[in-house]
Amino acid sequence: MGKNFDSKEIILNVENLNTTFVSDQKKIRIVKNVSFQLKRGKALAVVGESGCGKSVTMNSIMRFLGRNAIIKADSIQYNALRDGKVTEYHIEKIDKPHGPEMRALRGPEMSMVFQDPMSSLNPVYKVGDQVAEGLLQHNKGMTKAQAREKVLEMFRKLGIPDPEERIDCYPHQFSGGMKQRVVIAIAMICNPELIICDEPTTALDVTIQAQIMELLKDMQVKDGKSIILITHNMGLVAEMADEVCVMYMGRVVEFGSLEDVFDHTSHPYTQALLRSVPVLGLADGQKLETIPGATPNPADLKGGCEFADRCPFAEDKCRAKDIPMFELSPGHRVRCLKYSSFPLAEGEPAAAEVK
Amino acid sequence: MLKFILKKLAMMIPMLVVISLVVFLGLRSTGIDPLTFMVPPEVQSQSPEIVEQLREDLGLNDPLLVQYFRWLGNLLKGDLGLTNKGEDIAGIIADRLPYTLELSLYAMLFSSIIGIGIGIISAIRQNGIVDYIGRVLAVLGQAVPQFLVGILMIWIFSIKMGIFPAANRVSPDATNAFVDAFMHLFLPVTTLTIGMVAVLMRYARNTMLDVLNSDYIKTARSKGIPEWKVYLKHGFRNAMKPVLVILMFRIPALIGGSVVIESVFSYPGIGTSMTNAITNMDYNLVLVITLIIAAVMLVASFMVDVLNALLDPRVRLGE
């Protein structure tokens with residue numbers, strides 16, 4: 001694949017990522033030809049219903065998946081920018097998921113904030129030590145006292161009250177929102193450029209959600225971090241994201257700027273998704289719209305558009321073969337035959353189906 | 001932490017008293033006359049007045065509770081009483097308990113090292129070769145009864161190959177105490193170890209697998225720390241809590257339950273004493289041994305509490 005982007009501008013470039021899980025000798029492709037780019041200092045929201053492969057995509061990039069996952073990609077390129085100098089990392093070429101090359105990236109370059117703060121912290125260690133662990137790992141020669149000072153600084157920045165006292169507490173002594181701040185502290189402590197947030201507020205109550213999202217937004221705006229936000233909360237997307245990536249059954253079905261996706265919603269799935277967002281003040285008797293049908297079992301998919309069976313516009317040709325991406329306007333891409341008069345955005349059709 | 005330990009220790013005393021009362025009353029309520037086995041049958045039939053006199057002298061006509069407290073008082077003074085044959089029980093226990101402890105502690109030591117070790121490796125390399133071999137061994141180890149393993153051991157290593165002695169703990173002609181101990185302990189310890197390894201291996205593997213699938217392992221990996229640290233620091237410590245419970249509760253089972261193994265190897269431990277005491281209806285001895293096993297059980301559960309508190313701050317700080 002030729003490099004057709006500026007690695008100073010683009011922090012993460014993913015091309016044709018395919019993730020296949022092997023279970024009982026059967027191979028099921030969960031992530032299919034996913035390509036996207038994340039601009040430096042911007043926030044990209046990845047949306048889609050449960051099981052659409054958004055978490056698997058991010059875990060494939062971070063190489064967190066188990067031994068039963070096969071990850072293939074033309075490119076997963078991470079471009080670090082330090083002191084005006086760009087260093088390129090080709091994650092797709094790294095063999096060992098937990099080897100030294102990958103580990104060197106995790107923490108100082110890219111990190112992850114997880115969904116459930118209740119279970120993301122090790123119950124038997126003090127929160128301060130858990131935050132300091134990454135710091136000590138990546139800064140050889142740093143003393144524990146120095147690390148502690150850094151952790152305290154981070155706690156203050158993240159608004160954890162009484163940091164001097166709280167740093168020696170155990171996770172069970174923290175509330176959910178405070179735990180998530182600790183998880184964010186773990187992700188932030190080595191000052192990474194790219195932060196992947198996997199539904200960071202799903203497990204928290206609404207008021208806390210707002211606080212956590214504000215923290216993340218601050219990090220992006222003030223510290224220039226690049227953020228990938230996985231979520232199915234459209235409100236969060238509207239508030240946080242610069243660009244939106246809509247996924248359905250392992251494929252990117254629509255990708256574009258926030259305005260593109262929200263104001264010029266093009267894919268029938270995205271349209272349905274936006275219609276099913278609950279709004280306050282629904283009239284009496286007015287029902288919240290839902291998407292008809294259920295998500296298909298990934299093992300039963302035949303080819304063609306995955307959304308065809310639930311799509312009001314579906315035609316026979318939709319089921320015939322894999323649908324390519326069409327470019328509606330610069331940067332706004334949609335995987336739907338309704339737009340087949342637009343130029344092809346990606347070199348489809350897809351790679352051979354995995355059996 | 002100290003307060004926690006003291007509290008747990010203090011709670012053991014009333015529990016021991018209650019257990020001793022239950023055992024005492026339970027044994028007495030079987031309705032078997034303690035004198036049946038103490039006095040030869042011909043004396044019993046020819047001169048019942050001697051039996052009655054003895055009964056009066058031993059205080060067996062007093063109410064049960066009075067007898068219990070008298071026995072308990074003696075116990076606290078260090079007088080464990082006499083067997084039917086008039087031997088000093090304290091002497092028997094002092095003789096035999098060390099042998100049983102020796103046997104069980106070695107079995108514990110080896111089985112925990114081997115069992116937990118293989119279990120952890122099986123979990124880390126799930127479906128790897130160690131895992132497969134371990135799983136087969138675990139099924140075998142649990143399915144084959146211990147006495148059979150013991151008998152097979154004797155048959156192979158003592159009778160056929162003649163390497164190890166088949167019985168006893170001490171050889172009369174031993175020159176080197178250490179070599180002698182090793183020779184006598186090898187077969188029974190191995191037999192006990194095999195059975196326990198099977199249990200521990202499976203348990204350690206499953207809890208470790210659970211832990212390795214948990215979210216905080218992913219958090220640990222996201223820090224970029226090496227895998228061995230992920231496994232040992234974050235995985236092992238959390239996986240060990242339930243394994244330690246199983247391990248600690250094996251101690252009383254080993255001490256009381258190596259009866260079968262001790263019989264197979266004619267090993268002079270507390271288990272053989274217990275079987276003999278039961279067949280002879282030796283009230284006092286059964287009582288004391290039962291109490292020892294109960295005490296060991298309490299100590300084990302105390303250790304579980306303390307270890308759990310050490311390993312898990314939620315237990316420690318939740319006092």
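Predicted model: local features only at pLDDT ≥ 70, side-chain atom pairs only at ≥ 80, totals over all residues.
Contact, in these notes, means heavy atoms within 4.5 Å.

**Entry 1: A:His98**

I began with a histidine in chain A. I found A:His98 in the loop between β6 (85–90) and α2 (100–105). Which residues does A:His98 touch, leaving aside its neighbours within four places in sequence? I listed A:Arg63, A:Arg103 and A:Arg106 from chain A, and B:Arg221 and B:Glu227 from chain B. One of these partners came up again when I looked up polar contacts: the side chains of A:His98 and A:Arg106 are joined by one of 3.3 Å.

Is A:His98 buried or exposed? I noted a relative accessibility of 16% for A:His98, so this residue counts as buried, because the cut-off for buried is under 20%.

**Entry 2: where the chains meet**

The two partners from chain B made me look at the whole interface. I read that 24 residues of chain B are in contact with 25 residues of chain A. In chain B, the residues that lose the most area to chain A are B:Lys218, B:Ser222 and B:Lys223, together 25% of what that side buries.

How much area do chain B and chain A bury between them? I wrote down about 2500 Å², with 55% of it on carbon and sulfur atoms. I looked this up because the size of an interface is often given as the accessible area lost when the parts come together.

**Entry 3: chain B as a whole**

Next I turned to chain B itself.

Of the 319 residues in chain B, 45% are buried. The chain exposes about 16000 Å², and carbon and sulfur atoms supply 69% of that area.

As for charge, chain B carries 25 positive and 23 negative side chains, and the centres of the two sets lie 20 Å apart.

**Entry 4: A:Ser35**

A:Ser35 sits in strand β2 (residues 26–39). What does the side chain of A:Ser35 reach? I found the backbone nitrogen of A:Asn16 at 2.9 Å. A:Ser35 has a relative accessible area of 10%, so I marked this serine as buried.

Definitions and conventions:
Residues numbered from 1 in each chain as written. Chains lettered and ligands numbered in written order. Heavy atoms only, no water. Buried < 20%, exposed > 50% of the residue type's maximum accessible area, 1.4 Å probe, protein only. Areas by Shrake-Rupley, 256 points an atom, 1.4 Å probe, with all protein chains shown as cover. Lys, Arg positive; Asp, Glu negative; His and termini not counted. Charge placed at Lys NZ, Arg CZ, Asp CG, Glu CD. Helix = DSSP H or I, 4+ residues; strand = E, 2+ residues; numbered from the N terminus. Polar contact = N/O pair within 3.5 Å; in protein donor to acceptor, adjacent residues only side chain to side chain. Buried area = accessible area lost by both parts, 1.4 Å probe.
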